Amino acid sequence: MEDRLPKAEVSALDTLRANASKIADALLPVLAVLAALAIGAIILLMLGANPVAAYGALLEGAFGSGNAVAETIVKATPLLLVGLGICIAFRGNVINIGGEGQMVVGALLATLVGLRLTSWPGWVVVPLAMLAGFVGGAIWGGIPGILKAYFRVNEILSTVMMNAIAVQAMNYLLRGPMIDPAQMELASRIPQTAALPEAFRLPRLAPTRLHLGAFIAVVLAVGVYILLWRTTLGYRIRAVGQNPDASRYGGIRVRHHVVVALLLSGAFAGLAGATQVFGVNYRMITDGSATGFTGSAGFNGIVAALFGQLHPIGAIPASFLFGALLVGANKLQRMMQVPSAFITSLNGLVVVFVVSSDIWRRQRQKRRLAAAQRAAEAAVADSGGPA
Amino acid sequence: MSDNGNLPSGKPRIDHLEMRGITKRFPGVLANDRVDFDVRAGEVHALLGENGAGKSTLMKVLYGMYQPDEGEIRLNGERVEIKSPVDAINKGIGMIHQHFMLVESLTVVENVVLGLPSSRGPLTDLDRASKRIRELADFYGLQVDPDAYIWQLAVGQKQRVEIIKALYRGAALLILDEPTAVLTPQEVNEFFDTMRHMVKDGHAIIFISHKLHEVIDISDRVTVLRDGRLIDTCSIEGCTKSSLAEMMVGREVIMKPYRAEVERGAVRLALQNVHALSDRETPALRGVNLEVHSGEILGLAGVSGNGQRELAEVITGLRQTTGGQILLEGESVTGRPPGELTARMLAYIPEERMKDGMIQAFTVAENLILRDHHKEPFSRSGFLLLRIIAEFADKLIERFKVKTPSRETPAKSLSGGNIQKVVLARELSRQPRVLIAAQPTRGLDIGAMEYVHARLLEQRQAGTAILLISEDLDEVLALSDRIAVIFEGRIMGILDCAEATPERLGLLMAGVESETV
């Protein structure tokens, strides 16, 4: 039937329309951010601040100087690393909301390595610590993976729960077993570890806070691209994510790859935690919450990944933009003297808009597909159908 | 026929319905191109055409689901507009869809009156409706208990309910969309009796079917569509299966593919007393014994839902057995995972090719390596060798004549026939020792069907042991060396192709023991 279809002119208009919707899809997250900023402007007005000046401050804070750009990249680094993991998980059709906890556990394990091996040379310890972060995150992601694959526990629930466990573990460890001995002596007992030896710090890339982690993250983005589209493992993760039935038929162990997807996803978040400790803070310190350490990168990384259309290369500019928003917003708050809650709300608005725009995009895609199928059904497959 | 222009149901007759110059366009496609069609009271008018010929579109226009871009509909000489299915029903047009539109948890009478106003205002009038249903059922020979629940009914009975539903609403013209697809040959005969009865009483029937012998059996006239255009409307007298097929396809069609003499070889696949459960955990296979030899096609006939799906899944490792043994070339593979069976050169064309055989979002090339992506030459040390995969995909696309813009096209944008070609290409290119083909031509048109049949016979000649699971008796009869019939999870009998007739198979399919056949 296919060669004898009455192919009435597929007009240039149709092609144009198809391209237009593709471009619209790519622009959608940008529009979502703009919409969030617009609502932010209304809030600013209600707070009595001038939105134009405020957003001017935001831009300046993010890009106004070399230092500002470096800060933006520093903020973008954990977003990108977490986002890479999210790309893997979502491609495998598992939702990982546990980035926060995975970052914390990765950071704890990496810190432990750093504090235990103080007499070892940096070029040995730093890679080891990064690996420890990777493994820590993998464990924290792998547990919900196993729960999902073998006990049908919803991974959204379990990863969120694992966040809570990780935070309390961190609070316990930093107040007790891992506490800085100096804090014990001072009796001030600030819950933090001892500082890492200077030799263990990730090298700086410029006379700013910009550190090697950013470089690692970009290289890994390419690595994840290769993993997903050039390796059998990536092929299987995507296959399982798209169609578990057909994957099983193809001889792929579906449950195994569900675990692997979540495990890898967690590993990247764990690495993000490790680079935060070794590249930015040089010790672990807790204010009792996960955000105090992660800066919500475990959640914001999800947004960055969606922003980049779940493509690891797309996640690079997406994380950068999102990092800019975070850094700029701090400047905005200082300049305009608005309550810091505003920044939190702005962040939240962006998350809500980007995530819902993605849901909307998917629905549109489904509708478009359905419309195309209806037309095709009417014209192409009309009488056959499953008998 | 009654003389006052009314049907036995008391509703007015549709003496003549005409569709003139119907044109319907969809973006990029001309689905109906100035099509004329008419049907009269007292006749069965068959509508024939391949997938995409425009039959469904034309009938959806008639049933008010689509509005034509051009053309007009005349009812008893008067021009009418049919704005919606409700409008169509009010004008006496009823449509029986291929898939039943019945609520399983309600009774027959509840389904029949569903959506109709009650004669008692807010209170139901089920007793009156039941009486009326009994009258209609008696008159047309559509035996069904008005108080039975739909889930209790067999497929053939459900179809009767659909017809009663239409008659109850006063349908004078019935559109039947592939009504026989789900019936056994015996049920088809009963169904045809009902159709004849209705026609005799002044109904008009439009009969859509793929099965040419049925069209010849029951119709008075036949209209053939191709590529959205009317090819011919003619009296059924003088039509043969091959003349109709030729009109549909536009070229000569081989109705009975040539089966070369092939020496039957050793047993490659054996099932011994295999038991398995369905998804609902009820027994689906209850002691199946089968042997498939090298170089033979063993057809498995049966009415849908008698364990065919479970059988295919058990053999291919997708479903666990609860008893019995499966032997592949003499070795037990019971309970082995699909990957291992694949490695033993077992190939499978699944029934639901879109859901089970394909990853729709993956490209054609990615789908072609679904079975062997982890092996040489497609990958080495975990890395996919994209160039080799591309070459392989291009080769198969050419060899199996897959119509696709490129190997990078997502599978979901291919037509059903081409998707099946991708599945065939993947499975057959592996040179399988054993092939399980489940409903391999379901939903395909004649051209694609011919193609699939030729490939299966080619495999048979290459010595593959083939289990052909099909609900299409014509297909089973045309291809198989031996035919096994499955009923309620048991093999009712195995016939040699020489002794198999539709009648004998039909009895076995209905569960009549083979000794009494």
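Which ring does the charged end of K421(B) sit over? Select K421(B) and Y451(B): the charged end of the lysine sits over the ring of Y451(B), 4.9 Å from the ring's centre. (A charge sits over a ring if NZ of Lys or CZ of Arg is within 6 Å of the ring centre and within 35 degrees of the ring normal.)

Before moving on, please note that this is a predicted model, in which local features need pLDDT of at least 70 and side-chain atom pairs count only at pLDDT 80 or more, while totals for chains, interfaces and linings use all residues. Residues are numbered from 1 along each chain as its sequence is written, chains are lettered from A and ligands numbered from 1 in the order in which they are written, and side-chain values use heavy atoms, leaving out hydrogens and water.

**Stop two: a charge and a ring from two chains**

Now pick R371(B) and Y249(A). R371(B) lies over the face of Y249(A), 4.3 Å from the ring centre.

**Stop three: aromatic pairs**

A search of the whole structure finds 11 aromatic pairs over all chains. Rings of Phe, Tyr and Trp (its six-membered ring) pair if their centres lie within 6.5 Å; planes under 30 degrees apart count as stacked, over 60 as edge-to-face and the rest as tilted. Select F134(A) and F268(A): their ring centres are 5.6 Å apart and their planes are at 70°, so this pair is edge-to-face. F134(A) belongs to helix α5 (residues 122-151) and F268(A) to helix α11 (residues 254-281) of chain A, 134 residues apart. (Helices are DSSP runs of H or I, at least four residues, and strands are runs of E, at least two, numbered from the N terminus.) F134(A) is partly exposed at 27% relative accessibility, whereas F268(A) is buried at 6%. Buried means under 20% relative accessible area, exposed over 50%, and partly exposed in between (1.4 Å probe, protein chains only).

Then colour F191(B), F192(B) and F207(B), which form one aromatic cluster.

**Stop four: E351(B)**

Find E351(B) in the loop between β16 (346-349) and α11 (364-368) of chain B. E351(B) is buried, with a relative accessible area of 17%.
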